[in-house]
There are 2 protein chains.
Amino acid sequence: MPVNLAPPQPDQLLPVKGVSLGIACAGIKKVARKDLLVIRLGEKARVAGVFTQNRFCAAPVILTKQHLASGKPVRALLVNTGNANAGTGEDGLARAHRTCTATAALLNCDAEQVLPFSTGVILEALPVEKLIAGLPAAIDDLAENNWSDAAEAIMTTDIVPKAVSQQVVIDGVTITVTGIAKGSGMIHPNMATMLGYVATDAPVGQAALEAMVRHAADRSFNCITVDGDTSTNDSFMLIASGTAALDEISDSESAAGIILRDAVTEVAAQLAQAIVRDGEGATKFMTIQVAGGQSREECRQIAYAIARSPLVKTAFFASDPNLGRILAAIGYAGITDLDVEKIRLYLGDVLVAENGGRSPNYREELGAAVMKEPEIRVRVELQRGAAEATVWTCDFSYDYVKINAEYRT
Amino acid sequence: MPVNLAPPQPDQLLPVKGVSLGIACAGIKKVARKDLLVIRLGEKARVAGVFTQNRFCAAPVILTKQHLASGKPVRALLVNTGNANAGTGEDGLARAHRTCTATAALLNCDAEQVLPFSTGVILEALPVEKLIAGLPAAIDDLAENNWSDAAEAIMTTDIVPKAVSQQVVIDGVTITVTGIAKGSGMIHPNMATMLGYVATDAPVGQAALEAMVRHAADRSFNCITVDGDTSTNDSFMLIASGTAALDEISDSESAAGIILRDAVTEVAAQLAQAIVRDGEGATKFMTIQVAGGQSREECRQIAYAIARSPLVKTAFFASDPNLGRILAAIGYAGITDLDVEKIRLYLGDVLVAENGGRSPNYREELGAAVMKEPEIRVRVELQRGAAEATVWTCDFSYDYVKINAEYRT
């Protein structure tokens with residue numbers, strides 16, 4: 001069961017002017033299931049994205065990058081579930097291209113103005129006819145208040161749809177940021193993917209938008225791990241529809257830029273955390289903070305070593321305050337000049353280890369009380385600098401093995 | 001249950017002249033359990049070792065390194081189970097030192113001529129009085145044909161004792177190599193450790209011995225993973241007693257050196273594989289070969305990405321030929337210029353993927369048949385160089401979670 005994660009209330013999801021969403025059941029893998037989403041953008045919209053670093057990059061990801069690079073204004077994003085079109089070679093690229101051509105014909109734009117995204121089974125051919133046959137219904141459905149249905153349409157094995165809205169005021173103008181995401185492992189069994197789409201009505205220059213999407217990704221989707229595996233299809237897209245009555249934000253570090261960037265980052269972080277809360281077999285949500293490092297990178301390295309360790313994750317599942325496993329993970333994180341005598345380790349607010357060993361005031365009951373909670377904070381203080389990093393993860397349960405061992409049986 | 005791993009037959013374990021072993025039940029954690037081992041070395045013996053890279057390095061490991069660095073001839077190795085003396089700070093060092101002093105007094109040598117090793121619970125004080133009280137019984141027990149009991153004495157949660165013997169002929173002289181090891185995860189729950197001790201009667205110069213232990217470790221204990229965690233106590237020691245009637249081997253790359261080095265490596269590799277076969281919850285033994293790389297390092301990186309992936313490991317547990325998970329792991333291994341179109345992936349002898357996707361001749365039944373076997377070979381051909389590397393691992397089962405979640409409950 002997801003950890004403290006309720007489905008979004010439709011009325012809490014605020015429309016973003018200039019961004020309409022249309023959903024259809026195309027029968028790509030299952031019948032009568034929402035599996036197709038078209039996001040249509042208005043004239044002034046700009047789009048930026050970050051993508052999987054996996055060398056086995058799926059066909060739609062390759063095409064989306066090419067279309068963005070063409071510099072033509074994006075008119076639509078096309079998302080299907082049920083098939084990831086990954087590990088499909090040249091044929092996969094051709095099929096992804098056909099979906100763009102068909103969408104472009106219906107929306108009266110160029111194929112390069114459509115960005116395709118796929119998630120679902122990998123190594124199988126995309127049923128492109130079914131997808132194309134579903135397009136008219138999706139386009140008929142286009143509306144600005146469809147975010148809730150859109151969040152549902154992009155789910156694969158997610159248990160709960162993930163959507164977040166926020167508003168900020170910039171120069172007296174109320175700006176909306178609304179986003180949806182899917183994923184419940186970094187990669188699914190045969191399913192592949194984390195997808196995230198965040199839109200704002202603020203007008204933003206292309207360079208500023210690209211800076212914002214990287215900033216937000218580094219503090220959200222790049223700070224989570226369920227099982228340490230990276231998908232072939234991961235994509236996070238930021239859309240600025242430019243419909244708000246505000247001067248264009250051309251610098252993400254300006255006063256207005258920072259307000260918007262932080263709102264986008266907050267929405268992305270909530271979506272990323274929702275993915276972890278809905279992680280395969282998750283029963284606990286853990287926040288791993290590493291502070292006092294020489295660089296953000298070394299803090300991330302240590303936080304990920306803890307967050308990825310199967311031994312740490314099974315201990316959290318068992319509510320066992322097993323300090324040795326966390327200390328060992330810190331020790332093998334690869335920071336060769338780390339002085340372990342200086343490290344302070346906290347479980348929640350309880351100081352559990354210092355001076356290279358157990359803290360003298362620590363008692364097992366104190367740690368055990370923290371470990372029983374569904375939300376647990378682990379804090380590591382390195383005392384060698386001012387940098388810090390946070391990673392979110394979930395525990396490792398019987399159900400993780402069950403879900404992943406039995407997925408195809 | 002361990003995968004194809006029978007306990008060693010005592011009569012197959014050949015004594016190494018000049019190396020005697022004594023075992024006792026010191027009651028360190030449990031009563032009436034063999035938990036103390038003294039390995040006494042003759043006058044001509046030389047010792048070299050490789051140790052954990054974990055920054056939380058246990059007290060006995062620190063002391064063993066110091067004693068080796070003193071250059072004084074090693075007279076004895078002292079191993080206890082039941083307590084790892086790790087995460088114990090200055091007090092842990094003092095306790096480890098006391099065990100050396102006590103052993104040295106009984107064997108009439110300096111404390112620096114004794115190398116201490118501990119494995120078991122971490123973050124708890126070593127019960128040094130119990131250990132010292134057990135020493136006379138262990139020393140009374142010293143005998144050259146005690147390898148089988150010694151293999152048993154160093155076990156913690158291992159199900160099967162691990163010991164291997166081999167003989168080679170060098171310049172007409174029969175040389176023996178016998179070794180023991182323990183470990184059934186890279187690190188245990190609260191237990192820490194992989195320990196390996198390999199002895200030969202060949203006379204070997206110190207520099208050659210050090211080269212051999214590194215060579216063997218890189219092809220054995222450094223090629224395995226159960227859960228990707230690295231212990232605070234891992235040690236692998238190579239002993240050359242120098243009792244065989246052979247000229248001293250002063251170069252590990254000489255004809256004689258290579259014969260011995262390869263025999264030591266083979267014994268170490270069999271011990272390392274035994275650790276994986278006895279891996280926590282293991283039901284399958286996997287050999288991951290990556291060939292055709294530009295460097296051994298990149299081949300290892302890819303092999304480890306596959307071997308560590310929880311998704312790959314649960315698929316093997318389920319006997320599911322889930323190619324997507326293996327391809328995804330190759331893709332995120334961190335080789336940024338990898339051309340995935342060139343990669344060929346084999347399950348056993350079945351070519352399953354090529355040209356960036358599923359092989360045209362591959363059928364699910366072929367993969368499924370391979371996956372049902374208890375021993376599975378995965379071979380990745382990168383086609384970009386001549387380097388290769390092999391990693392051994394086991395699958396990820398319900399029992400892995402059970403063992404690690406319930407260890408302290």
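This is a predicted model: local features need pLDDT of at least 70, side-chain atom pairs count only at pLDDT 80 or more; totals for chains, interfaces and linings use all residues.
Local features need pLDDT of at least 70 and side-chain atom pairs count only at pLDDT 80 or more, while totals for chains, interfaces and linings use all residues. Residues are numbered from 1 along each chain as its sequence is written, with chains lettered from A and ligands numbered from 1 in the order in which they are written.

View 1. B:Val370 sits in helix H10 (residues 364-371) of chain B; helices (H or I, at least four residues) and strands (E, at least two) are DSSP runs, numbered from the N terminus. B:Val370 counts as partly exposed because 18 other C-beta atoms lie within 10 Å (20 or more would be buried, 12 or fewer exposed; C-beta atoms are placed from the backbone). Leaving out residues up to four places away in sequence, B:Val370 touches B:Pro321, B:Leu347, B:Gly348, B:Val350 and B:Ile376 (contact means C-beta atoms, placed from the backbone, within 7 Å).

**View 2. The open sheet of chain B.** Five strands line up as E3-E12-E10-E8-E7, with mixed pairing (strands pair if DSSP finds at least two bridges between them). At the edges are E3 (46-51) and E7 (162-170), each pairing on one side only.

**View 3. The E7-E8 pair in chain B.** E7(B) runs antiparallel to E8 (residues 173-182) of chain B, over 9 bridges. Look for B:Ser165, whose bridge partner in E8(B) is B:Thr178.

Note on methods. Two residues are in contact if their C-beta atoms, placed from the backbone, lie within 7 Å.
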